[in-house]
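Please open the model in a viewer and follow the selections below in order. Each stop names what to select and what is found there.

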Amino acid sequence: MKTANFHALRRAVTEASTASKWKTGVLEWEVTSVAEHPTGEGECVCGQTNLLWLYTITNTHNGAELFPIGSTCVNHFERTDLNRQIAVFRKLVHIRSAAREGRQIALTTEYFSRAVLDYLYDVGAFTPDQYNENDGWNDWEFLRKMFGVRDKTEISPKRQWKIRKILDQKAVPFVINDDRLGD
Ligand SMILES: [Zn+2]
């Protein structure tokens with residue numbers, strides 16, 4: 001793990017952090033966006049080449065940004081929450097490309113995870129309306145519950161309709177326009 005690439009990463013992150021040590025510096029960052037390299041030839045700040053998915057990480061203490069960062073380098077931070085954010089971004093990108101191809105997005109593990117639903121709630125995708133008693137939390141809780149139903153055919157038609165409506169009118173349009181996902 002202590003390769004030249006790792007040393008380059010450590011230098012870049014430490015220089016842009018408030019803390020002077022790598023171990024404390026890594027705690028200051030979050031993954032804030034992803035972009036797909038058109039030809040898969042992106043290069044990480046550590047020097048690793050041929051990356052398809054390029055992430056931006058942002059320092060929550062001083063606002064500094066590092067780009068492009070590969071997912072392998074995010075793994076080096078050894079933070080579960082950052083790795084989860086990477087997984088969420090990959091799912092969101094998948095939702096967006098499927099939606100752009102005109103496919104219907106279902107509430108399945110192909111497109112969603114609990115963390116994706118949490119993300120959508122946190123960023124305000126579940127806008128308040130008369131159907132959720134003016135509180136997006138109710139949409140989030142409903143989708144969370146329905147996502148957990150293993151045999152989706154057991155979900156009543158009325159609930160199926162409600163899932164469809166929240167996904168088609170809120171979740172999917174939000175993801176299509178989410179500027180954290182690049183172009
Ligand atoms: Zn790297």
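In this predicted model, begin with helix α1, residues 4–16: the helix lies across β1, β2 and β3 and runs at about 160° to β3. Next, select helix α4, residues 80–100, which packs on the sheet and touches β1 and β2. The direction of α4 makes about 25° with that of β1.

Now display the sheet itself. Three strands form an open, antiparallel sheet in the order β1-β2-β3. Its edge strands are β1 (29–36) and β3 (65–69), each of which pairs on one side only. On average, neighbouring strands are turned by 20° against each other, direction ignored.

For the pairing in detail, select β2, residues 53–59, together with β3: these two strands are antiparallel and share three bridges. Within this region, T58 has E65 in β3 as its bridge partner.

Then colour the chain by domain, with residues 4–78 as domain 1 and residues 87–181 as domain 2. The C-alpha centres of the two domains lie 29 Å apart, and the contact takes six residues from domain 1 and five residues from domain 2.

Which three residues supply 67% of the area that domain 1 buries against domain 2? Select V34, W53 and Y55, which contribute more of that area than any other three residues. Between them, the two domains bury about 540 Å², of which 67% is on carbon and sulfur atoms.

Zero salt bridges are found across it, and one residue pair is in polar contact. On the side of domain 1 that touches domain 2, β1 and β2 are the elements giving two or more residues; the largest share, four residues, comes from β1.

Technical notes
Residues numbered from 1 in each chain as written. Predicted model: local features only at pLDDT ≥ 70, side-chain atom pairs only at ≥ 80, totals over all residues. Heavy atoms only, no water. Pairing = 2+ DSSP bridges. Axes fitted to C-alpha atoms, helices over the stretch in contact; angles between N-to-C directions. Contact = heavy atoms within 4.5 Å. Domains from an automatic or database assignment. Buried area = accessible area lost by both parts, 1.4 Å probe. Salt bridge = Lys/Arg side-chain N within 4 Å of Asp/Glu carboxyl O. Polar contact = N/O pair within 3.5 Å; in protein donor to acceptor, adjacent residues only side chain to side chain.
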